[in-house]
Amino acid sequence: MGMRRGNGAGGVCIALMALVGCSISGMVDRVTGEDVNRQVRAQGLPAHATVLEIWDTGVKVNDDPVIGFRLEVHAEGRPPWVGETKALVSLIHIPRVQPGATLPVRYDPAEPSRIALASEEERELEPAAGTILPTGPVRIDDDLFVEPIADGVWLHTSYLQLERFGNTPANGLVVVAGRDAALIDTPWTDDQTRRLITWVAERQQASINTVVVTHSHQDCAGGLRAAHRAGARSYGLARTAELAEARGAEPPQVRFTDRLDIQLSGRSLELRFMGPGHTEDTIVVWLPDVQVLFGGCLVRSAAATTLGYTAEADLARWPATIEALQKRYGQARLIVPGHGRPGGAELLAHTLDLLRERQ
Ligand SMILES: [Zn+2]
């Protein structure tokens, strides 16, 4: 840990001041940043942050240092941003907050530069809550991120500026099996898809030869042309191909009507149409070896307060489709929604709640 901004020997020794009997708690809060942190924790929204840099502020409280943090924050519905905060960290926890670590944080939605680490209790609880985010998101570019979520399975998240929804993230998966890899949904654009294909080639030494699109919209299939140019074979519902063609968009090549299993060097991808919902052509993909369900736009994230884009949705039949998913995949280890953070079966229940509110 460098002394980038420390005041070294002149550091404030609060333990000593406690001995001389100052009225210190307000002052401790100010020098440790706890006064601001407490407000942000109480009112802010949860997010994850990757530690970019830490430094010793020179302030200590009973031997524990106040550490400065430069963080890259990843929150629902916003592009990642970089900000700073400070926190009192127990000496024994310092190994856990080194650069590269992912930490739960809260941020002020009105002023996202106000960031606080989650309370130490919350940080302790985090792994037990089943979050499978060992390293956190990896930035490829400002509009493209990948994050390991299971053995050989990466979440990819790309961002596109939309008139109605602002800078909007969309999820897909990269499934790696030896030298082969599959994309479950492309990023929004051909350009992002090319960059993702390059990342997989360079960092995973694998080539994307299989692409599945889970419906015809741009957040799933917008990079299909780039994937085809790179030599991948694509799969989708016959209805998805029709809808894409009708819009003049690139359609998937191999078409099916209900279910299809794809083998990828020993791994299987189970493509299933479970019923209409977000659109009439939205499928899910089940990865049986790691028990991960890619729910796509049928499934809303825990932080979602709306059903998203519903102009083409079948709101009447969507609930039955979610119930079918609960029955078949309720035990999934991880469920990945089309937009927002992955979670467990609670995402299915939350989607049902949102649907019932609409009726
Ligand atoms: Zn869609």
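1. Strand 10 and strand 11 (residues 207-212) run parallel, joined by five bridges. Strands count as paired when DSSP finds at least two bridges between them. Leu183 stands opposite Val211 in strand 11. Right-handed is meant as follows: with the strands pointing away from the viewer, the path from the first strand over the helix to the second runs clockwise.

2. Some ground rules. The model is predicted; local features need pLDDT of at least 70, side-chain atom pairs count only at pLDDT 80 or more, and totals for chains, interfaces and linings use all residues. Residue numbers start from 1 along each chain as its sequence is written. Helices (H or I, at least four residues) and strands (E, at least two) are DSSP runs, numbered from the N terminus.

3. Overall content. The chain holds 10 helices and 18 strands. Of its 359 residues, 42% are buried. Buried means that 20 or more other C-beta atoms lie within 10 Å of the residue's own; exposed means 12 or fewer, and partly exposed lies in between, with C-beta atoms placed from the backbone. Among contacts with a separation of 6 or more, 60% link residues 24 or more positions apart. A contact requires C-beta atoms, placed from the backbone, within 7 Å.

4. Back to strand 10. Four of the five residues of strand 10 (residues 180-184) are buried, so this strand is largely enclosed by the rest of the structure. Its antiparallel partner is strand 9 (residues 166-177), through five bridges. Asp180 is the bridge partner of Ala177. The hairpin of strand 9 and strand 10 has two residues between the strands, and Gly178 there takes a positive phi near 60°.

5. Cores. The largest nonpolar core has 59 residues, and Val175 and Val285 have the most contacts inside it. Such a core is a set of buried Ala, Val, Leu, Ile, Met, Phe, Trp, Tyr and Cys residues joined through C-beta atoms within 7 Å. Beyond its neighbours within four places in sequence, Val285 is in contact with Ile184, Val212, Thr214, Leu269, Glu270, Leu271 and Phe294. Another core, of 22 residues, lies apart from the largest one; Ile67, Ala87, Leu88 and Leu103 are among its members. In soluble globular proteins, nonpolar side chains tend to be buried together.

6. Strand 17. Five of its five residues are buried. Val292, Phe294 and Gly296 point one way, Leu293 and Gly295 the other. In a regular strand the side chains alternate between the two faces of the sheet. Three bridges link strand 17 to strand 16, and the two run antiparallel. Trp286 stands opposite Leu293. Four residues separate the strands of this hairpin, where Gln291 takes a positive phi near 60°. With strand 18 the pairing is parallel, over four bridges. Val292 stands opposite Leu334 in strand 18. From strand 17 the chain crosses through helix 9 to strand 18, and this β-α-β crossover is right-handed.

7. Helix 9. This helix has 12 residues and reaches 16 Å from first C-alpha to last, close to the 16 Å expected at 1.5 Å a residue. The expected span is 1.5 Å times one less than the number of residues. Trp318, Thr321, Ile322, Leu325 and Tyr329 are its buried residues. They cover an arc of only 100° around the axis, which puts them on the same side of helix 9. The arc is that of the directions from the helix axis to the C-beta atoms. Their cover includes strand 16 (284-287), strand 17 (292-296) and helix 10.

8. Helix 10. Its buried residues are Leu347, Leu348, His350 and Thr351. Their arc is only 160° around the axis, which puts them on the same side of helix 10. Exposed on the other side are Glu346, Asp353, Arg356 and Glu357. Helix 9 (318-329) and strand 18 (334-337) are included in what covers the buried residues.

9. Helix 8. Thr240, Ala241, Leu243 and Ala244 are the buried residues of helix 8 (residues 238-246). They span an arc of only 165° around the axis, which puts them on the same side of the helix. They pack against helix 6 (218-221), strand 12 (233-237) and strand 13 (254-256). On the other side, Glu245 and Ala246 are exposed. Gly248 follows helix 8, with a positive phi near 75°.

Notes:
Contact = placed C-beta atoms within 7 Å.
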